[in-house]
Amino acid sequence: MIIDITLSFMIIDTKLIILYNKYDYYRIFICGKEIFMAVDIDWSNLGFGYVKTPYRYVAEYKKGKWSDGRMTTYEKIVIHESAGVLQYAQTAFEGLKAYTAKDGRVVTFRPDLNAERMNRSAARLEMPALPDGMFMEAVEKVVKANKEFIPPYGSGASLYLRPYLFGSSPVVGVKPASDYQFRLFATPVGPYFKGGVKPITLRVCDYDRAAPHGTGNIKAGLNYAMSLSAIVEAHALGFDENMYLDSATRTFVEETGGANFIFVTKDGTIVTPKSDSILPSVTRRSLCYVAENYLGMRVENRPVTFEEVRDFEECGVCGTAAVICPVGKVNDHGNEFYFPSGMYEMGPVIRQLYETLVGIQLGEIEAPDGWIHEIKLDEEENSGEEQTEEQAEENAQEE
Ligand SMILES: Cc1ncc(COP(=O)(O)O)c(C=O)c1O
């Protein structure tokens, strides 16, 4: 709900408070100090889209050195018209969630793996690695500063965190930029399965997602830009997602545009495709561990041919957003086949994996050491130099 107040005044305890909401929160000034309060968000009806939160983190890499990170309220970025990111797509990102666990603690799930993947993406795109600790500092500061936007336990919603790194200085010839920015913003997102689980439909895609020895195994923006026409086309044809095959032989299953596959054989073995051109999903690696160590299942990570897919008992796609989303049906150029659990429910093994991992994430089931990272909200907030919108604009114009 957005409350339509553009400017109002209240007197409380003889202190002047000015309230106004530009987006989905109030900015409240108490004796000169600015406090943000989320307006009554209907967590269960939030989608997966951008909702502005008050604070974001920014650090700059110039002359071969990273600056300290700072917080800013300004959500826009002014960069050079010939910046590396604009001309040659020199950018990589990550995605993770902060949420409230059963015991009320605010946590993130295995953020160290996102930090590590970010640096691998950076290396492949000739961008500088982040200094030790910067990724986690950004996560901590942004979550604490936007704490009003962390959904409560049980809502299924979360505060999605988007770290990203890009070349900001001008390039004309094809070469790496010399300056970079690392940023992290947060946006609240709703529960993935609203109104119950709905298995999705896939079509085998004629476009390729990644070449052998290409960039499919990193989280580069360019991998997603080239998948856009494939997903628009899939949606227009009535499918939810694309199943990409390996581009060299078109015989092996790779992944979808935003999730890894997880299959279950008739004898209950978990099978996940092995390929150097798919993104090493944090969720998939966690599910495989859970299957083996919590549920006593057999797990195989091996090349999977498209031919064998129709013989699997269950199929799901996994990633941070949904944990696992069941697949009901696959369409290969008009030849359709359904998995036995069909279009109405999750198969029993996928359900067990889903419930166990979600239980671990929410603190209902004991987690392996180091998987749950607590963010202590009562520790110092908004530390680091804070930039006003006006300063940000001025700095951008000076550069
Ligand atoms: C191409 C691709 N594969 C897999 C995943 C799932 O990865 P994760 O479980 O780390 O979110 C994502 C999402 O980030 C993705 O974009």
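**From the chain to the ligand shell**

Of the 399 residues of the protein chain, 40% count as buried. The model is a predicted one. Its protein chain comprises 9 helices and 22 strands. Among contacts between residues at least 6 apart in sequence, 69% join residues that are at least 24 apart.

The pairing of strand 15 may be considered next. With strand 18, residues 314–319, strand 15 pairs in the antiparallel sense over 5 bridges. Within this pairing, phenylalanine 261 stands opposite valine 317 of strand 18. Strand 15 also pairs with strand 16, residues 270–273, in the antiparallel sense, here over 2 bridges. Valine 271 in strand 16 is the bridge partner of phenylalanine 263. The hairpin formed by strand 15 and strand 16 has 5 residues between the strands, and glycine 268 in this hairpin takes a positive phi near 85°.

Helix 2 shows another pattern of burial. Its buried residues are Pro111, Asn114, Ala115, Arg117, Met118, Ser121 and Ala122. Viewed down the axis of helix 2, these buried residues fall within an arc of 165°, and therefore they line one face of the helix. An α-helix has 3.6 residues a turn, so residues three or four places apart point the same way. The length of helix 2 can be checked as well: at 1.5 Å a residue, its 14 residues (111–124) should span 20 Å, and the end C-alpha atoms are 20 Å apart, which agrees. Just after helix 2, glutamate 126 takes a positive phi of about 55°.

The ligand remains to be described. Its surroundings consist of Gly95, Glu255, Gly258, Ala259, Asn260, Leu279, Ser281, Val282, Thr283, Arg284, Gly319 and Thr320. Helix 6, residues 282–293, supplies the largest share of the shell, 3 residues.

Notes:
Residues numbered from 1 in each chain as written. Predicted model: local features only at pLDDT ≥ 70, side-chain atom pairs only at ≥ 80, totals over all residues. Helix = DSSP H or I, 4+ residues; strand = E, 2+ residues; numbered from the N terminus. Expected span 1.5 Å × (residues − 1). Buried ≥ 20, exposed ≤ 12 C-beta atoms within 10 Å, placed from the backbone. Arc of directions from axis to C-beta. Near = placed C-beta within 6 Å. Contact = placed C-beta atoms within 7 Å. Pairing = 2+ DSSP bridges.
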